[in-house]
Amino acid sequence: MKKFYGRIDIQHASAFLHFNKKGVVQELIHNLKYKGHEEIGTFLGNWYAEDLKELSLKIPFDVIIPVPLHPKKLKKRGYNQVTTFGTTLSKNLAIPFDPGLLYRKKYSKTQSKKNLLGRSENIENIFDVKFSNENHNKHFLIVDDVLTTGATLEACSRALQKIPGAKISIVCMAMANS
């Protein structure tokens, strides 16, 4: 995907839906993220898994990793909006889902109203990894809800690249124009 060109080395990046302000996809994501409709993540995961099965990648995905919420935000919301999407992809693609490998070490306010510079400044060094030798040389598929500027996914990728031999791919439910 062009958003990451020259910023991070990724094997694959794609988004399932196109996100427009005041559109049906925005409504879907809003209901998933803020209204507790986690079944939307399951529905989109089942649907997108069929497309992902058709990918012919040189290196298959080894582990699915959700973009993590900070524990404070997770406690407040009660769930991570990408968990059902990721676990559904995991089940359909027969790839392990690991929500504990990547973690958010700094709390930050919502990114939705910030531009690329604001997001990049806000997101730098807020993710880290807890890994062992078992994680070396793996191809990690990061899942997220909406790709806007790519700052969050870039920061997640940089954290995962601390793992020797890590390969990174990204899949999002939707992509915004930014």
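These notes cover the sheet, the helices packed on it, the nonpolar cores and the salt bridges of a predicted model.

1. Basis. The model is predicted, so local features need pLDDT of at least 70 and side-chain atom pairs count only at pLDDT 80 or more, while totals for chains, interfaces and linings use all residues. Residues are numbered from 1 along each chain as its sequence is written, and side-chain values use heavy atoms, without hydrogens and water.

2. Sheet. Four strands form an open sheet with parallel pairing, in the order β1-β6-β5-β2. Strands are DSSP runs of E of at least two residues, helices runs of H or I of at least four, numbered from the N terminus; two strands pair if DSSP finds at least two bridges between them. The edges are β1 (12–19) and β2 (63–66), each of which pairs on one side only. From one strand to the next the twist averages 20°. Seven parallel bridges link β1 to β6 (residues 167–176), with alanine 13 opposite isoleucine 170 of β6.

3. Helices on the sheet. Helix α1 (residues 24–34) lies across β1, β5 (139–147) and β6, at about 105° to β1. Helix α4 (residues 83–93) lies across β2, β5 and β6, at about 140° to β5. Angles run from 0 to 180 degrees between N-to-C directions, with axes fitted to C-alpha atoms, for helices over the stretch in contact; contact means heavy atoms within 4.5 Å.

4. Cores. A nonpolar core is a set of buried Ala, Val, Leu, Ile, Met, Phe, Trp, Tyr and Cys residues joined through side-chain atoms within 4.5 Å. Buried means under 20% relative accessible area, exposed over 50%, partly exposed in between (1.4 Å probe, protein chains only). In the largest core, of 27 residues, Phe127, Leu160 and Ile170 touch the most other members. Helix α6 (151–160) gives the largest share, six residues. A second, separate core has 25 residues, including Ile40 and Phe85.

5. Salt bridges. There are five salt bridges, each a side-chain nitrogen of Lys or Arg within 4 Å of a carboxyl oxygen of Asp or Glu. Glutamate 154 meets arginine 7 at 2.7 Å between the closest N and O atoms. Glutamate 154 lies in α6 and arginine 7 in the segment before β1, so this pair ties together parts 147 residues apart in sequence. Glutamate 154 is buried at 14% relative accessibility, whereas arginine 7 is partly exposed at 24%. Aspartate 128 and lysine 162 form another salt bridge (2.8 Å, N to O).
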